[in-house]
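Here is a short note to read alongside the structure. Please keep the 3D view open as you go through the points.

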Amino acid sequence: MQARVKALETLLTEKGLIDPAAIDAIVETYETKVGPRNGARVVAKAWSDPDFADWLKRDATAAIASLGFTGRQGEHMRAVFNTAETHNLVVCTLCSCYPWSVLGLPPVWYKAPAYRSRAVIDPRGVLAEFGLVLPEEKKIRVWDSTAELRYLVIPERPEGTEGMDETALAGLVSRDAMIGTAIAGSSKISAAGSPEAL
Amino acid sequence: MNGPHDLGGQMGFGPVAPEMNEPYFHADWEKRALGITISCGAFGAWTIDESRHARENIPPADYLSASYYEIWIRGVETLLERHGFVTRQELLSGRKLQEGAVPKRVLKAEMVPAALAKGGPCDRPVEAAPLFATGERVKTKNFNPATHTRLPRYARAKLGVVEAVQGFFVFPDDNAHGKGENPQWLYTIVFDGGEIWGEGADPSLTVSIDAWESYLEPV
């Protein structure tokens, strides 16, 4: 693919159709500026500020935009809140729809057939592969992103975090917790998607 | 269409393989593939729906053995050729052989921040009252078009409940094929796991999709 993509870029540049510097700028944006720290800030604010959490429930697009997180693949946002009764899990069975504006580019597993095929039929099995074994009584709600709405899971706030400020709270929120393949504040699974890991 | 992309409920792909400390890109060509795809999308020559359809039309054996950015490159090559920007010969040779179509715009580096920040909202002004209300039971249609649709196979001819009326959105089944945006109401429809997967389904499971109004029938 290296040669095929290089040939395509050369051809399109020669034809004046693309600007290689624009590609550099796009890559830089998604490597350094837009990533899961954005989403973690949304979650931390929702945990700390009931008014913001309420706004997030009613109009996630506007609430998230108020923190400066807007744009491509985040044009229409919906926040779904984990509760004691229900755990939320997000997938796109048809392609790879994912909330870029709050989580950045998706990981390979999110785009791969194993996750896209099984998340809707065997979510408990999928979660177990992430090291997350939920109690039997916990209901699982899967959101298949079949339109342009992009879902952000708001995990439950971990116990014992009452005194923490928003910055510290955001550090407990991994990317995977905001997809639903992890819970917040669990060191066991944070390695697969912690802010530090990215 | 019933293409290789419509993966919900298919079996045999093995376990999910999370990668520790996964990088955003696994090779330099993946970075260029992302940038080329976004840059070509900025031409304004095709819609996101047409680009999805170009990817789902990749033959199943190729689609399922391709990495994600390879699927993107195969899709964008199809679109560039279809819309007259490049010829097959040019794609094969990697060199300009003739003049081609002229795009509405070429994405320059200085335009990137604004273009990414703007995105492509696809909600539209409301033109009609919604046919269905929150809490109403509905049935998804059973159809198998050869054209683009965003109603997954596993969720066809199933009974569900309208959980939310989301707004008035561009209709991909038309927009993918140059038939206009023809926006419709979009609903979140929730199904019990048992309605979709039948015997042996996880009793605690509910699955929702976002469905355009014309995918739905009253019960």
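1. A word on conventions to begin with. This is a predicted model, in which local features need pLDDT of at least 70 and side-chain atom pairs count only at pLDDT 80 or more, while totals for chains, interfaces and linings use all residues; side-chain values use heavy atoms, with hydrogens and water left out. Residues are numbered from 1 along each chain as its sequence is written, and chains are lettered from A and ligands numbered from 1 in the order in which they are written.

2. Chain B has eight helices and five strands (DSSP runs numbered from the N terminus: H or I of at least four residues for helices, E of at least two for strands). Following the sequence, the order is α-α-α-α-α-α-β-β-α-β-α-β-β. The C-alpha trace of chain B spans about 60 × 45 × 35 Å along its principal axes.

3. An unreviewed UniProt entry annotates residues 121-218 of chain B as "domain: Nitrile hydratase beta subunit"; such annotations may be inferred rather than shown by experiment. This stretch of chain B is 9% helix and 36% strand, with its end C-alpha atoms 29 Å apart.

4. Now to the interface. In chain B, 90 residues are in contact with 80 residues of chain A, contact being heavy atoms within 4.5 Å. About 7400 Å² is buried between the two chains, and carbon and sulfur atoms give 61% of this area (buried area is the accessible area, with a 1.4 Å probe, that two parts lose on being put together, summed over both). Val16(B), Tyr24(B) and Arg32(B) supply 11% of what chain B buries against chain A, more than any other three residues.

5. Have a closer look at Arg32(B). Its side chain meets that of Asp24(A) in a salt bridge at 2.7 Å, N to O, where the rule asks for a side-chain nitrogen of Lys or Arg within 4 Å of a carboxyl oxygen of Asp or Glu. Arg32(B) also forms a salt bridge with Glu9(A), with the closest N and O atoms 2.9 Å apart. That pair runs from helix 1 of chain B to helix 1 (residues 2-14) of chain A.

6. Strand 3 (residues 139-144) of chain A and strand 4 (residues 205-212) of chain B run parallel and are joined by four bridges; strands pair if DSSP finds at least two bridges between them. Here Arg141(A) has Thr206(B) as its bridge partner.
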